[in-house]
There are 2 protein chains.
Amino acid sequence: MPLASNSGEQWFGERERVGLEQRIQVRRVLYEGRSEFQSICVLDTVPFGRALILDNILQTTEKDEFIYHEMLVHPTLISLTRPERVLIVGGGDGGSLRRALEHSPREVVQVELDRAVVETCRRHLPRVSSGAFDDPRVQLLFADGYEFVEKAQESFDAIIVDLTDPFPPGPSQRLFTAEFYQAVRRILKEEGLIVTQSSSALLLTDELLSIYANLKAVFPLVRVYLAPVPSYPGVVWSFTLASAGNDPLALDEAVVRQRLEARGISSRYYSPQLHLASFALPSFLAALLAEPERLQDLRITQPSAQ
Amino acid sequence: MPLASNSGEQWFGERERVGLEQRIQVRRVLYEGRSEFQSICVLDTVPFGRALILDNILQTTEKDEFIYHEMLVHPTLISLTRPERVLIVGGGDGGSLRRALEHSPREVVQVELDRAVVETCRRHLPRVSSGAFDDPRVQLLFADGYEFVEKAQESFDAIIVDLTDPFPPGPSQRLFTAEFYQAVRRILKEEGLIVTQSSSALLLTDELLSIYANLKAVFPLVRVYLAPVPSYPGVVWSFTLASAGNDPLALDEAVVRQRLEARGISSRYYSPQLHLASFALPSFLAALLAEPERLQDLRITQPSAQ
C-alpha cells in the first residue's frame, strides 16, 4: 500500500484521472495482502474509520458505507411488491447483502469472485455486513459472476451488481458490457430490475455514459440516479438501473413509505422523498445521457492523459 | 500560496478539519497578492481551469462555478413573481450577479467588502461574471455588508449572501449570525427571501447547523437544499434560504419551467425537477436539523483536533 508520509502523518491518496486527488489520513494499516485476483488492504482512517482498499482503490468505509449500500439496494428492491429471489454479483464486503435481507426476500444468492475479500471484510470490517453472511437465507458462492449469470437456470426478481469500477481494467470489466446485460435479462423475471453502481457522476462521465449505453442496448427502461459518497474521489456517485418496464419513478412517496414500514426498514440516507429526488439529474448530465456525443462540450473537467 | 510539489507537478491542497484533503493539480500561478482584508490568488488548474483562492481556501473555478452560482441564486429568485430589487452581499467574482441579472430585476445592489477581489476576478476570471459588472442595472458598492444592511433605508425582494465560510474566522463571520439575519429581515419585503451558502453539507455539519439555527431564530420559514460543487472539499454543498412565509417548495415543476422560459434563462445545472429535488435531504441530515443535539450520533465523520 503506497502511503504518502508528511511530517509523521500517513495519507492514502486516490487520484482521479483529471488532476484531482482525494487524500485520507491513515491511523494505521490493519491488513495488507494479495489474493489470486487483486491486492487487498484494510486501513484505519481518521475521517471514515476502517476502509477496504482493492488494487489501491477505496471500496468502502465503516462511516459512509450506509449511503452507497442503501442507495444501491433500496430503490430497486422497494420497486418490487415482493422481492423473493435476489442475486448479488460482487459485494464482498456484505453491505449490499445486509440491505437486501432487510426487504425480507426468501433467498439471496451472492456470487463473489474473491473469497479473500469476504474473509478480510468479515474479519476487519464486520460492521459493514453486520452478520448478514450468517443469515440462513443467503447462498454465498465464490465464482465468476459472468459465468454464473450465463449458466444460471433460475430467475431472479432483482440483480444487484456491486463491483469495482470497470476502469482501470480489472476483474470486473466484463460485467459492465452489453453482453453481460443480455445474459442478465435472460434470468430476470418480468417485473425484475437490475441495478449497478456506475462510477463517479460528475467527473468520470465517460464510464457512466458507456454503462448507460450498454444497458440501453438491452433494456427498454434505464434510469440513472445519484448519491454522494464522501470517501470516494469525486464524491457524487451514479447508479443505473434497468428493467423491462418496472419503473421506480412510478411509485409515489406514500407507497415507498408504506413498503419501508411494512418491511421494518429504517435507513440513514435513503428516504421516500429521496427515492424520487435522486433521479433528478443536473441539466448537463441529463443532456449528456440524451446526447452522449456532446461530451466534449458538456463535461465539467477535461480528462487528463492516462 | 503554499503549493505542494511532487516530481515536477504542483498541487493545491485544501484540508478539511477531518483528516481529509482535496488536492488539485496546478498548471501555474496567474496572480498572487494581498489586499487589506485577505490573501488573493488565481491559479490555472488542470481539472477546473482558473480558480480563485482567498486566504488559501478555494472560492470558485471556471469549470464548476455554474453549479454553485445557479444553485445559490435561481431557487430564490424563481420563487418571486417579480424580483425587482436584489441585494447581493459578497460575491466578488460576479457569478451570482450574472445569474441574478438573468431574472430581469430592475436593480441589483452588490455590496462587496474587498475591491481587490472584484478587480482580480474581472482581470483573471472574466468568464465567471461574463460582463455582469458592466450592466447598467447594477450598483456595486465596496463596503461592509453588515453595516450596509444595518443602515439600509430601502427594502429588497431578495438578499443573496455569497460569502467565504464563517470558519476559520475571517471577514465574513459576522454575516452568519442571528443579529445579521435580524437586520436582513428588516429590509426584506413581505414576500422576500434571503439565501446563503451554508458550507459543506456532509462533513462540516456543525457550521450548517449553526447557520440553520441562526436563521430559524429570525424567520418562520427556513429550508436547506444541496448541490455538488466538485472543486470544493467535501463536494456536497448546502444552501439555506429563509422567508416570512414564501416557500420555494410551494412551486410545482410547471411553474418553475414557465418562469425560466418567460425570463429566458437556460441553466446548466438547475432545472425544474432539481428545484424541488434539491430540498430532499439525506435522512440523517434531516434528523440532524430537527434534533441538532444528536450531532455526535449522526455525523458521518469525526471532527479532528484543530
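**Domains, sheets and the chain contact**

A: Chain A is divided into domain 1, residues 4-59, and domain 2, residues 65-298, and please keep in mind throughout that this is a predicted model.

Q: Okay, and how far apart do the centres of domain 1 and domain 2 of chain A lie?

A: The C-alpha centres of domain 1 and domain 2 of chain A lie 24 Å apart. As for the contact between these domains, 22 residues of domain 1 of chain A touch 18 residues of domain 2 of chain A.

Q: Which elements give residues to the domain 1 side of that?

A: On the side of domain 1 of chain A that touches domain 2 of chain A, two or more residues each come from β3, β4 (39-45), β5 (49-54) and β6 (57-61) of chain A. The element that gives the most to this side is β3(A), with 5 residues.

Q: And by class, how many nonpolar, polar and charged residues does that side have?

A: The side of domain 1 of chain A that touches domain 2 of chain A has 14 nonpolar residues, together with 4 polar and 4 charged ones.

Q: Switching to the sheets, what is the strand order in the open sheet of 7 strands in chain A?

A: The order in chain A is β9-β8-β7-β10-β11-β13-β12, and the pairing in this open sheet is mixed. Its edge strands are β9 (138-142) and β12 (221-228) of chain A, each of which pairs on one side only. From one strand to the next, the twist averages 15°.

Q: How does β12(A) pair with β13?

A: β12(A) and strand β13 (residues 236-243) of chain A run antiparallel and are joined by 8 bridges. If you want a pair to look at, A:Leu221 has A:Ser243 as its bridge partner in β13(A).

Q: And chain B, what does the sheet look like there?

A: Chain B has an open sheet of 7 strands in the order β9-β8-β7-β10-β11-β13-β12, with mixed pairing. At its edges stand β9 (138-142) and β12 (221-228) of chain B, each with a single partner strand, so one side of each has no neighbour in the sheet.

Q: Are β7 and β8 of chain B parallel or antiparallel?

A: Strand β7 (residues 85-90) and strand β8 (residues 107-112) of chain B pair in the parallel sense over 5 bridges. Within that pairing, B:Leu87 stands opposite B:Val109 in β8(B).

Q: Which strands does helix α1 of chain B touch?

A: Helix α1 (residues 65-77) of chain B packs on the sheet and touches β10 (156-162), β11 (188-200), β12 and β13 (236-243) of chain B, with its direction at about 160° to that of β10(B). Helix α7 (residues 205-216) of chain B lies across β11, β12 and β13 of chain B, and it runs at about 165° to β11(B).

Q: Now the contact between the chains, how many residues does it take?

A: It takes 36 residues from chain A and 36 residues from chain B. On the chain A side, β3 (20-34), α9 (272-277) and α10 (283-290) each supply at least two residues, and β3(A) gives the most, with 6 residues. By class, the residues of this side divide into 20 nonpolar, 11 polar and 5 charged.

Q: So what does β3(A) pair with across the contact?

A: β3(A) pairs with strand β3 (residues 20-34) of chain B in the antiparallel sense, over 5 bridges. In this pairing A:Glu21 has B:Arg23 in β3(B) as its bridge partner.

Q: Last one, what rotation superposes chain A on chain B?

A: A rotation of 180°, with 0.0 Å of shift along its axis, superposes chain A on chain B with an RMSD of 0.0 Å, and that is the relation of a two-fold axis. Both copies use the same surface, with 100% of the contact residues of chain A recurring in chain B.

How values were computed:
Residues are numbered from 1 along each chain as its sequence is written. Chains are lettered from A and ligands numbered from 1 in the order in which they are written. This is a predicted model: local features need pLDDT of at least 70, side-chain atom pairs count only at pLDDT 80 or more; totals for chains, interfaces and linings use all residues. Two residues are in contact if their C-beta atoms, placed from the backbone, lie within 7 Å. Helices (H or I, at least four residues) and strands (E, at least two) are DSSP runs, numbered from the N terminus. Ala, Val, Leu, Ile, Met, Phe, Trp, Tyr, Cys and Pro count as nonpolar, Asp, Glu, Lys and Arg as charged, and the others, Gly among them, as polar. Two strands pair if DSSP finds at least two bridges between them. Domain bounds come from an automatic or database domain assignment. Axes are lines fitted to C-alpha atoms, for helices over the stretch in contact, and angles run from 0 to 180 degrees between N-to-C directions. Copies are superposed by least squares on the C-alpha atoms of residues with pLDDT of at least 70 in both.
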